[in-house]
Amino acid sequence: MSPAPEIPVPTVAFYTRPGCHLCHDARLTLQRILEERAASGRRPCRVEERVIADDPAWERRYLDTIPVLAVDDQELPLATSGAAMRAFLASTLDAP
């Protein structure tokens, strides 16, 4: 019998910039939500923090909407609400 194929761990991109207080608060909220998800046995993910100042295209695209969460082609701009972040992660990470 061959082993079951591994399910890839999705990446959540977290767009931010230094000195952004909303980003700082969102980072703490995201960490808390991910800890809750892990404790309840929900699908894990990897978080990749992306500083918009590192890429001119990111800066043009996200400057007015950071913090932004993104999974594949879906995005949550102004990710400052814990409820909205939970709903976004559930819809993008827990979908079949």
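The sulfur of Cys45 lies 18 Å from the closest cysteine sulfur, that of Cys23, which is too far for a bond. Welcome to this predicted model, where local features need pLDDT of at least 70, side-chain atom pairs count only at pLDDT 80 or more, and totals for chains, interfaces and linings use all residues. Residues are numbered from 1 along each chain as its sequence is written, and side-chain values use heavy atoms, leaving out hydrogens and water.

**Cysteines**
- Searching the whole structure turns up zero disulfides (pairs of cysteine sulfur atoms within 2.5 Å).
- Cys23 has 0% relative accessibility, so Cys23 counts as buried (under 20% relative accessible area, with a 1.4 Å probe and protein chains only).

**The sheet**
- Four strands form an open sheet in the order E2-E1-E3-E4, with mixed pairing; strands are DSSP runs of E, at least two residues long, numbered from the N terminus, and two of them pair if DSSP finds at least two bridges between them.
- Strand E2 (46–51) and strand E4 (74–76) are at the edges with a single partner strand each, so one side of each has no neighbour in the sheet.
- From one strand to the next, the twist averages 25°, with angles running from 0 to 180 degrees between N-to-C directions of axes fitted to C-alpha atoms.
- Strand E3 (residues 68–71) runs antiparallel to E4, joined by three bridges, and Leu69 stands opposite Leu76 in E4.

**Around Thr16**
- Thr16 belongs to strand E1 and, at 1% relative accessibility, counts as buried.
- Leaving aside residues up to four places away in sequence, Thr16 touches Cys23, Arg27, Glu49, Arg50, Val51, Ile52 and Ile66 (contact means heavy atoms within 4.5 Å).

Definitions and conventions: Buried means under 20% relative accessible area, exposed over 50%, partly exposed in between (1.4 Å probe, protein chains only).
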